[in-house]
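Hi,

Here is the structure I promised to pass on. Have a look first, and then read my notes below.

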Amino acid sequence: MPATILVKSQGPVSIQSIKRSANWLLRSQLLSHKELTVVLTDNAGIKEINKRWFKRPWATNVISFPSEEPGILGDIVISVERAREEAQEGLTTVQNRTIELLIHGFVHLLGYDHELGPHEEKRMAKKEFELKRNLFRRSLMADLCINVDHVATIRQARGGVEPDPVVAAGIVELAGADGIVVHLREDRRHIQDRDVRLLRQIVQTRLTLEMAATEEMLGIAEDIKPDIVTLVPEKRQELTTEGGLDVLALEKSITDAVKRLHDAGIPVSIFIDPERDQIEAAKRTGAECIEIHTGRYADAESEEEREKEFDSIVEMAGFAADIGLRVHAGHGLNYQNTGRLAAVSEIVEFSIGHSVISRSVFVGIERAVKEMLAIVKG
Ligand code: PXP
């Protein structure tokens, strides 16, 4: 059961990242079947709770409420305001400090209690350290999101019901992927509206909807509310997305689309070529993320050309991260050419479809995903 995050007071932290950390903690202790609620509040909010439940009228940083009910692990209340104060003292970020407090509260829910004496204090610190090391180490690795469009391509070849990309998405998640991606094309050549609606209901990790910035697609996104939208260019005759979106030329309409999606609470990524002026334009639209089109690198015909393209991806990923954009990458990536890019620390997410679905025809989808995960996390 995914953790629930209740935001009583929004601090400078990524809710998505807190949620992912909470879900990771549950998984790491084989407790995913249990309910966990994390409440983010401020000093006044946590003071109120301290006063009400513990008769101590001051603000602490975190409080845990274990549950006696079998299906519920409990609640963790964190003061993000206090996390910010402690981050300044400890020279860390509010985000990291909030996650440290989440881990502390979580370990309490597991039954550890540092207030029971020096032995328990040591035992609890050891558990916290172990979880913190593993969680932060994991967060250094890029995420792998699998595009299941081509499962739908096979289905559409016969116009029937199998294979179902929704079923594929479930197996992909069980295999350990960090997210599911689908491209709802204007011509509906593979993914159908029904697929996106069902995926919204079953995807437990996160659902990325790739789409053109058209009126029809914006309406669908506003309605379905994927976890993130990736805006892509779309031409009817193309076999697949050829080249990134020309944000420079379309800046006004893309900015309007980003605004509409933000108003619906949906973060936006823009699929662009690794070019400085496109990245700057993407930043100006207000999008929080770019996906670097890796097609020129993947399709390079000579070693020299591939090196040149690789260098430009590395340079532009660094530039984008420096100006505050989250960097994803995708297109044409396979079991041979992904490893090098996985070592580029600014790229935090890969979106890979065709090569994984192709391999799954021979080895099964679970194994194909696991093999790609080993490359991306390696
Ligand atoms: N990212 C985007 C924006 C795409 O349009 C595609 C192709 O649908 C991919 C990633 C995945 O590319 P591939 O199927 O070549 O792995």
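E1 and strand E2 (residues 35-41) run parallel to each other and are joined by four bridges. Here strands (E, at least two residues) and helices (H or I, at least four) are DSSP runs numbered from the N terminus, and two strands count as paired if DSSP finds at least two bridges between them. Leu-6 sits opposite Val-39 in E2.

Before I go on, a word on the basis: this is a predicted model, so local features need pLDDT of at least 70 and side-chain atom pairs count only at pLDDT 80 or more, while totals for chains, interfaces and linings use all residues. Residues are numbered from 1 along each chain as its sequence is written, and side-chain values use heavy atoms, with hydrogens and water left out.

Back to that pair of strands: they belong to an open sheet of four strands, ordered E1-E2-E4-E3, with mixed pairing. Strand E1 (4-7) and strand E3 (62-66) form the edges, each pairing on one side only. On average, neighbouring strands in this sheet are turned by 15° against each other, direction ignored; axes are lines fitted to C-alpha atoms, for helices over the stretch in contact, and angles run from 0 to 180 degrees between N-to-C directions.

Two helices go with the sheet. Helix H3 (residues 80-90) packs on it, touching E2 and strand E4 (72-79), and its direction makes about 60° with that of E4; contact means heavy atoms within 4.5 Å. Helix H4 (residues 94-109) lies across E2, E3 and E4 and runs at about 145° to E4.

Next, the barrel. Eight strands close it in the order E5-E6-E7-E8-E9-E10-E11-E12, with parallel pairing, and the twist averages 25° from one strand to the next. Within it, strand E10 (residues 289-293) and strand E11 (residues 326-330) pair in the parallel sense over five bridges. The bridge partner of Glu-291 is His-328 in E11.

As for domains, the assignment (automatic or from a database) gives domain 1 (4-137) and domain 2 (143-377). Their centres, taken over C-alpha atoms, are 33 Å apart.

And the cysteines? The structure holds zero disulfides, a disulfide being a pair of cysteine sulfur atoms within 2.5 Å. For Cys-145, the nearest cysteine sulfur is that of Cys-289, 10 Å away. Cys-145 is buried, with a relative accessible area of 0%, and Cys-289 is buried at 1%; buried means under 20% relative accessible area (1.4 Å probe, protein chains only).

Best wishes

How values were computed: Buried < 20%, exposed > 50% of the residue type's maximum accessible area, 1.4 Å probe, protein only.
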